[in-house]
Amino acid sequence: ARTTTTVFAAEDFGTGTHTALPTGWSSGTLDVGTWKWTNLPSSSTFSMDTMASTTSANGWMIFDSDSIGAATGGTPAGWLQSPAYNCSAHPHVGLVFQDYYRKFKDSCFIWVSTTPGFAAGTYTKYPVALNNTVVTNVSTANPATVNIDISAVAASQPAVYIRFVTYGPPLGAYSWMID
């Protein structure tokens, strides 16, 4: 039987601005593009609505690959990394977040690690099944709630890092918003 546990860490991205990521968060690119904080709808050619998540009033994170001009060079792929979470007192750890995603042959993953640098072999990849099974040119609900059991990596660990990772084709993708 499934049991409900207490939330021991939460993030609403409320400390972000249009020029700075929320406190403790970092982002990077795997080819072109990166995550950013916003409180506006996507700005791509194939724009999407404003995110309707529970805490969207104070902003959310977005990887808006159409807006980076990926079709003009490079493959849109980027990551957003959390600060360290102390999971040492928790034998079971689940990651729950709200997202809004529109697919164009791209995919979404969660990487979980106990080392901040995510060197090869130091993290476990979890596909975001809800997003990766959406067909091309279709969006998830706004918002959709994603639940991923990350206990295999995070349970009882003193420092756990989470990366939201998106990969797109060379012609670009649409958008992934999380909150």
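Leaving aside its neighbours within four places in sequence, which residues is S151 in contact with? I opened my notebook with that one.

**Before I start.** I am working with a predicted model, where local features need pLDDT of at least 70, side-chain atom pairs count only at pLDDT 80 or more, and totals for chains, interfaces and linings use all residues. Residues are numbered from 1 along each chain as its sequence is written, and side-chain values use heavy atoms, with hydrogens and water left out.

**Entry 1: S151.** I looked up contacts, meaning heavy atoms within 4.5 Å. Beyond its neighbours within four places in sequence, S151 is in contact with P91, H92 and V93. I then found S151 in helix 2, which covers residues 151-154. Helices here are DSSP runs of H or I with at least four residues, strands are runs of E with at least two, and both are numbered from the N terminus. Is S151 buried or exposed? S151 is buried, because its relative accessible area is 15% and buried means under 20% (exposed is over 50%, partly exposed is in between, with a 1.4 Å probe and protein chains only). I also noted a polar contact of 2.7 Å between the side chains of S151 and D149. A polar contact is a pair of N or O atoms within 3.5 Å; within protein, one must be able to donate a hydrogen and the other to accept it, and residues adjacent in sequence count only if both atoms are side-chain atoms.

**Entry 2: D106.** I moved on to the loop between strand 5 (94-102) and strand 6 (107-113), where D106 lies. What does the side chain of D106 reach at 2.6 Å? I found the backbone nitrogen of F104 there. The side chain of D106 also has a polar contact of 3.3 Å with the side chain of Y101. Setting aside neighbours within four places in sequence, I listed the contacts of D106, among them Y167, G168 and P169.

**Entry 3: the whole chain.** I stepped back and found two helices and ten strands. In sequence order, I read the pattern as β-β-β-β-β-β-β-α-β-α-β-β. The radius of gyration is 16 Å, close to the 16 Å that the globule rule gives for 179 residues, so the chain is as compact as a globular protein of that length. This radius is taken over C-alpha atoms, and the rule is 2.2 Å times the number of residues to the power 0.38. I noted that the C-alpha trace spans about 45 × 35 × 35 Å along its principal axes. Buried residues make up 45% of the 179 residues.
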